[in-house]
Amino acid sequence: MQNVLVTGGAGFIGANFVRWLLRERPSVKIVTLDALTYAGRRENVPEHNRNIFVHGDIRDRALVEKLLREHAVDTLVHFAAESHVDRSILGPEAFVQTNIVGTFQLLEAARATGVKRFHHVSTDEVFGSLGPNDPAFTETTPYDPRSPYSASKAASDHLVRAYVHTFGLPATISNCTNNYGPFQFPEKLIPLMIANARAGKPLPVYGDGKQVRDWLYVEDHCEALVAVVEKGRVGETYNIGGGVQPTNLEVVQRLCAILDELEPERRHAELIKFVTDRPGHDRRYAMNIEKIERELGWRPRFGLEQGLRLTVRWYLDNAAWVKSIQETGDFQKWMNRNYEKRGEVKQ
Ligand code: NAD
Ligand code: DAU
């Protein structure tokens, strides 16, 4: 990995990944390509002499080909996506456009220019939903996506695999569980709960709050991705996860307890409000990470308590970043659209 094109580097995980590379791989040069949708923030991309920012769309094949050639890109790491499940329920089209058409255009550009590694960043949601006693997802669990978001990610995974088998594209795929940490857009569970709790606003827990997610601190994800890009076998898929599987309610209660310590003037858990569930809400995700541990020697380093504390601290220290997003018309519109009609559900 010498010259890397990072798509979606102004978003949450992409921005953390760019920072990780700049810090840990001193000879790597980066081109960050991002369309700066509502979720992409120019200020998330660090100013650095080894990082060039390009404002553009992954569906623009001519632009992508030009960047791959001009910068002699050997490695493409693909994060750019529409990523929020609730938005995919209220407006699926952008998910088809970016996640499916966008990935297709990138694959074509990579094929035409001959990159040495195409890494596709995907999600555990392609595997569907687990029952309480089902074993965790493995790399061979059949795909069973159940939301427009996960269906569009599943389609993009299939396209990547097709390009490996049909055209010999040197690609890898990783499917990861829920990330949390710095720079996560405050529409997602953890940053939304931190922001609302601090403002004394209701904490909207969907349904009974007993849905289970497998949480991974974003820095661990970045390390895992580098391990796959540097040491992973071409054509292979690697599952990545945190191995910690609390219910949503437990996560929200932990956040409230941490905030109670730091801002004792309020008992934050009193703000929890159960609201109408997400349609088609997946009940449980859990990832089996034996393959990446065995083959690449990666395992998560951050525990949930440690990661949540670091995350809360980051959001407290970066309140201006959150505020600048909350003040945009798009964010306010989204909050009204997604939460206004959700009635309170008594438990
Ligand atoms: P995000 O929504 O925070 O960021 C997505 C970025 O992609 C934004 O900067 C946005 O501007 C950019 N983008 C969107 N459409 C684009 C287009 N057409 N062209 C160029 N750029 C475009 O997302 P995230 O949470 O950082 O997720 C990154 C990737 O990781 C996604 O592919 C997602 O499916 C995957 N993933 C996320 C998680 C998670 O918990 N957040 C877990 C597993 C996998
Ligand atoms: O599993 C990986 C996926 O994790 C990624 O592929 C997605 O890009 C990412 O957004 C995330 O999807 P989730 O739907 O799991 O994340 P979200 O933060 O939206 O929600 C986490 C859980 O919390 C989920 O069960 C829904 C619930 N929730 C969410 C919000 C926003 C609530 O109870 N209340 C809320 O207000």
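Residue H120 lies in strand β5, where helices (H or I, at least four residues) and strands (E, at least two) are DSSP runs numbered from the N terminus. The model is predicted: local features need pLDDT of at least 70, side-chain atom pairs count only at pLDDT 80 or more, and totals for chains, interfaces and linings use all residues. Residues are numbered from 1 along each chain as its sequence is written, chains are lettered from A and ligands numbered from 1 in the order in which they are written, and side-chain values use heavy atoms, with hydrogens and water left out.

**Residue H120**

H120 counts as buried because its relative accessibility is 1%; buried means under 20% relative accessible area, with a 1.4 Å probe and protein chains only. The side chain of H120 makes a polar contact of 3.1 Å with that of S156 and another of 3.0 Å with that of D157. A polar contact is a pair of N or O atoms within 3.5 Å; within protein, one must be able to donate a hydrogen and the other to accept it, and residues adjacent in sequence count only if both atoms are side-chain atoms. Leaving aside residues up to four places away in sequence, H120 also touches others, including H78, T103 and K153, a contact being heavy atoms within 4.5 Å.

**Ligand 1**

Ligand 1 is surrounded by 28 residues, the closest being I13, D34, S83, Y149 and K153; a residue is near a molecule if one of its heavy atoms lies within 4 Å of it. Strand β5 supplies the largest share of this shell, three residues. At least two residues each come from α1 (12–24), β5 (117–123), α5 (148–167) and β7 (178–180). The shell divides into 13 nonpolar, twelve polar and three charged residues. Here Ala, Val, Leu, Ile, Met, Phe, Trp, Tyr, Cys and Pro count as nonpolar, Asp, Glu, Lys and Arg as charged, and the others, Gly among them, as polar.

**Ligand 2**

Around ligand 2 there are 24 residues, of which D124, Y149, R278, H281 and Y339 come nearest. Strand β8 gives the most to this shell, with three residues. The shell of ligand 2 comprises ten nonpolar, seven polar and seven charged residues.

| Residue atom | Ligand atom | Distance |
|---|---|---|
| D57, polar side-chain atom | ligand 1, nitrogen | 3.0 Å |
| I58, polar backbone atom | ligand 1, nitrogen | 3.0 Å |
| S83, side-chain N or O atom | ligand 1, oxygen | 2.7 Å |
| Y206, polar backbone atom | ligand 2, oxygen | 2.8 Å |
| N248, polar side-chain atom | ligand 2, oxygen | 2.8 Å |
| H281, polar side-chain atom | ligand 2, oxygen | 2.7 Å |

Technical notes
Buried means under 20% relative accessible area, exposed over 50%, partly exposed in between (1.4 Å probe, protein chains only).
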